[in-house]
Amino acid sequence: MRIPLDYYRILGVPTKATTAQITQAYRDRVAQLPRREHSDLAIQARTNIIEQSYQVLSQPEKRAVYDNEFLNETYQLESQSRLRLPFQSSETEAAEEAETHSPAIAIEQIDFLGGILLLLELGEYELVLKLVPPYLKAKSNLVKQDLFGSAEVVKTELILCLALAYLELSREQWQQGRYEAAADSGLTGQKLLIDAGIFPSLRGEIQGDLDRLRPYQALELLSQPESETESRKKGLQLLQVMLDARGGIDGAGEDQSGLSMDDFLRFIQQLRSYLTVKEQQDLFIAESQRPSAVSTYLAVYALLAGGFSSRQPEFIVRAKEKLLRLGKRQDVHLEQAICALLLGQTEEANQALALSQEYEAIAYIRENSQDAPDLLPGLCLYGEKWLKTEVFSHFRDLNSESVSLTEYFADEQVQQYLEKLPADGNSKDWSIVSNESAKPAEQTRIEPVTDLPVSRPARMSRLGEAAKQAATASPATPTKSTPTARPSAAPIAPRTTAKSPTTAATKSPTKAKSKKRKSSKRKPFPFKGIAILVGALIALILIIRAIASLGGGNTIPDPLQISLTEEPPIPIPVIEESAEVVPEEIPEGEFNEAIAEQLVQKWLDSKALAFSESHDTSGLQEILAEPLLSRWVNGARDVEAAGNYREYQHELTISNVEFDPENPDEATVVAEVTEIAQYYLPGGELDAGRSYDSALTVRYGLVRQNEQWFIQSSAVL
């Protein structure tokens, strides 16, 4: 039988390789064993084909005959490809034609399993998926007859090869950004193994990939047009599975996705831009019942957006109620002031402004309320811009909508509802909130402007006039507290409160740059207004900064332009030409802290070089062992293929070394690593949104091979 391979490719050598190179490549290929799940029959068949390749290419006479046949086949394929006119066959037919005329070698039927293994190793996954199923359907004597002494072994091996082909194809599709297709491929391979009841460890490996793929899959599905209802419904279901496993957005559960709490919050922030107002209301209002403070604040955004856009103030009343509960622990007075404004409760709006610690925002409001009897004009101007840049930009069905307080207050439905509300609202609740919240310093408090007793119609008239004044007035010179759109990739920093003096940003929509963290503790995830404090009680600062949509906030950002992790999502094996690595001289004596620091520092330096503009991965081979080596080599190549690069700065402190003299070839090192990464896009433009400064505690697993230490595993603690 013939199989679409050639001897040069099997040995991994060029057509002009010397006999010495062919001999060395043959030895390397024989020494490289496939996965341990493969049967001895398949491994022996693979060895037979490698031996056959060596026998032909190592003998000049046989090689000359083969080269003549090989080159003729290649020439015929190229000639037919050039001569075929566009109308003569479809793309599918062209691909089948190319496959039919691909160089092939003759092998014994008994070595078919070995040929399939080699196709797997060479990345021909789709070809494996085409060649194997006919044999499983008993269309060949390979399975019908007991050629090897056990037809069941052959069948099991074929199922294994199919499952591995689906697994590796899934990983390729993942790297290509085809997340739904990757999930389908992984599930198909897993089902083959489950139906056959074989290889539970491999099934677990596939499930692990599917779990880590789930966030990407959900984003891809939810980024589909609203007309794709089934895809979007599936995306929401995947999201709900993750939320249930974690115990909510800010829960401590494990969903096996590999996302830390910070990463998951970043994922939710990215995902919000693909959800409608109704979808976010349903999702976050339900999640807030866990209870979840983060979900409660996201529900406030959804209620405000829905209430203002659909002219239904009852949603704003619900948002106000949720803010009152949150206000007992955090400074949300500015949002409360905007809610009160939208409900026509000007006394409450002024009282909330008096309690707010967002001094820059208040200064902007006061500056735009000059010559007015109160702060209503400035609050209207600020609130209008805030709704546009901070609220509407996070909803796919509102990000291109305009915001006009004048139109809102002029709406008859709004006026009828507001007429029924009490003029003073729930002022006693503000007092309770102010007593339990951090108050501003007495000398910097903004005294409330007390409204004169006026009737409800007069109050509505004043609101309309203030809104018109804000709409027509020229804003004062913008300061960094002015609500403005922000690039979608920019990090979202927590806001400043009296209880968090180290936070450099304020509640204002445009923030000052955060100061670099100098402590060795891990920097909290920069999700606007959300700071996570781990202890007996989790206190969360609940303000989320706007991420402006690309194109000036008028379109949804391109989907999936995020990096959930700083590492490649999955380790994909690579086939590399064997390279002789010269081991470094190992210090004499037992493994100690000095050796540990030298090795970890070498790893950090090699990583920085691999992801730098030069993309030099040679250092990785001298410090990493499998499976870590393939993982990082592939990651560096992906970055290079995208035209990006990174610059790293590291600080290292070894905190613990575990070494057992009775097991001298293994060691464990725990290190405190401060990593500053600067991401650069093609052309050398800095990507601030993906750049970071993190302090991590990492456990490294080391192994000694051929008198040289390598890092075999790593895990962030």
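**Aromatic pairs and their surroundings**

Analyst: Happy to! The protein chain has 28 helices and 6 strands. Please keep in mind that this is a predicted model. Buried residues account for 50% of the 717 residues in the protein chain.

User: How many aromatic pairs does the structure hold?

Analyst: There are 20 aromatic pairs in the structure. In one of them, the ring centres of Tyr179 and Tyr216 are 5.2 Å apart, with the planes at 35°.

User: Why is the pair of Tyr179 and Tyr216 called tilted?

Analyst: Two values decide this. The centres have to lie within 6.5 Å for rings to pair, and those of Tyr179 and Tyr216 are 5.2 Å apart. Planes under 30 degrees apart would count as stacked and over 60 as edge-to-face; the angle here is 35°, so the pair is tilted. As for its place in the chain, Tyr179 belongs to helix H11 (residues 179-196) and Tyr216 to helix H12 (residues 200-222), 37 residues apart.

User: What makes Tyr179 count as buried?

Analyst: The cut-off for buried is under 20% relative accessible area. Tyr179 has 10%, so it counts as buried.

User: How do you know that the charged end of Arg311 sits over the ring of Phe308?

Analyst: The distance part of the test asks for CZ of Arg within 6 Å of the ring centre, and the charged end of Arg311 is 5.2 Å from the centre of the Phe308 ring. Phe308 also forms one aromatic cluster with Phe392, Tyr408 and Phe409. Elsewhere, the charged end of Arg246 sits over the ring of Phe264, 4.1 Å from its centre.

User: Why is Gly306 called buried?

Analyst: Its relative accessible area is 5%, and under 20% means buried, so Gly306 qualifies. Gly306 is found in helix H16 (residues 293-309). Leaving aside neighbours within four places in sequence, Gly306 is in contact with Val277, Gln281, Arg311 and Phe315.

How values were computed: Residues numbered from 1 in each chain as written. Predicted model: local features only at pLDDT ≥ 70, side-chain atom pairs only at ≥ 80, totals over all residues. Heavy atoms only, no water. Phe/Tyr/Trp six-rings, centres within 6.5 Å; stacked < 30°, edge-to-face > 60°. Helix = DSSP H or I, 4+ residues; strand = E, 2+ residues; numbered from the N terminus. Buried < 20%, exposed > 50% of the residue type's maximum accessible area, 1.4 Å probe, protein only. Lys NZ or Arg CZ within 6 Å of the ring centre and 35° of its normal. Contact = heavy atoms within 4.5 Å.
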